[in-house]
Amino acid sequence: MTEVSESVGRYLSTIYLLTADADRRAQTSELAELLDVSAASVTGMVTSLDDRGLVTYEKYEGVRLTDDGTEAAREFTWRRCVTENFLEDDLGLDLAVLRDDDVADDPLAIGQALSDEAVHRLKDLVDHPCDGKCSGPSAEYDSCIDDVRETPGDADAES
C-alpha cells in the first residue's frame with residue numbers, strides 16, 4: 001500500500017466516498033466543503049496527489065482516484081474503522097467527547113500510526129473490524145463491503 005499521511009488520507013477517503021458509487025469526478029468545491037478547507041488548499045492537494053499518481057485531476061472537471069489512490073483510500077478508511085471500533089466498542093470511549101477535547105485532534109489517527117502488524121493484531125483483538133460503514137482493502141477484508149457504506153451526505157441526512 002502507498003503510505004499516506006493523515007491529511008492525504010482524509011482527502012483520498014473523501015474522494016472515494018463521493019465517487020465510489022457513481023461514475024463521476026469529485027468537484028473541488030465539494031471537497032473544500034466536506035473537509036472544511038479552502039478551495040486553494042484543495043487545488044494544491046489534488047495537484048500534489050495527481051503528481052503522485054493517486055488521482056487524476058482536471059481543472060474545472062474535478063478529481064477521480066486512480067487504482068493506487070483507491071487502494072490507499074480503502075486502507076486508510078479501514079484502519080480508521082478498526083480504531084473506531086476498538087475505542088468505542090472495546091474501550092467504551094465516546095469519540096464525540098474525545099474530538100471535542102483540546103487534548104486530541106482526531107483519536108482515529110492512531111490507526112495510521114500503527115504498523116501493519118499492529119493494526120492486524122488490533123483487528124484480531126477487536127474481531128469486528130468493520131460495522132459496514134467503511135471499505136477495507138479489497139484483497140484482504142471482504143467483510144467491509146461497498147453496498148453498506150455511508151457517504152458523507154448520507155451521514156448528514158441522518159443527523
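**Notebook: tyrosine 11 and its surroundings**

I began with tyrosine 11, which, leaving aside its neighbours within four places in sequence, is in contact with Leu35, Val37, Ser41, Val42, Met45 and Leu49. I note at the outset that the model is predicted.

I then looked up where tyrosine 11 sits, and found it in helix H1. Is tyrosine 11 buried or exposed? Its relative accessible area is 4%, and because buried means under 20%, tyrosine 11 counts as buried. I also looked up leucine 49, one of its contacts.

**Helices H1 and H3**

I recorded the general point that two packed helices are described by the angle between their axes and the distance between the axes. For H1 (residues 6–19) and H3 (residues 39–51), the axes come within 11 Å and cross at roughly 90°. The two helices are therefore roughly perpendicular to each other. On the H1 side the contact is made by Ser7, Val8, Tyr11 and Leu12. On the H3 side I found Ser41, Val42, Met45 and Leu49.

S1 runs antiparallel to strand S2 (residues 62–65), and four bridges join the two.

**Helix H7**

I looked up the buried residues of helix H7, residues 116–126, and found Val119, Leu122 and Val126. Why do they count as being on the same side of H7? They cover an arc of only 60° around the axis, which puts them there together. The general rule is that an α-helix has 3.6 residues a turn, so residues three or four places apart point the same way. The buried residues of H7 pack against helix H4 (67–90). The face turned away from the buried side carries Glu117, Arg121 and Asp124, which are exposed.

**Confidence**

Finally, I checked the pLDDT values. The chain averages 75, and 69% of the residues score at least 70. Where does pLDDT stay under 50? I found this over residues 137–159, for which the model has 41 contacts beyond four places in sequence.

Conventions
Residues numbered from 1 in each chain as written. Predicted model: local features only at pLDDT ≥ 70, side-chain atom pairs only at ≥ 80, totals over all residues. Heavy atoms only, no water. Pairing = 2+ DSSP bridges. pLDDT = per-residue confidence, 0-100. Contact = heavy atoms within 4.5 Å. Buried < 20%, exposed > 50% of the residue type's maximum accessible area, 1.4 Å probe, protein only. Arc of directions from axis to C-beta. Axes fitted to C-alpha atoms, helices over the stretch in contact; angles between N-to-C directions. Parallel < 35°, antiparallel > 145°, perpendicular 65-115°, else oblique.
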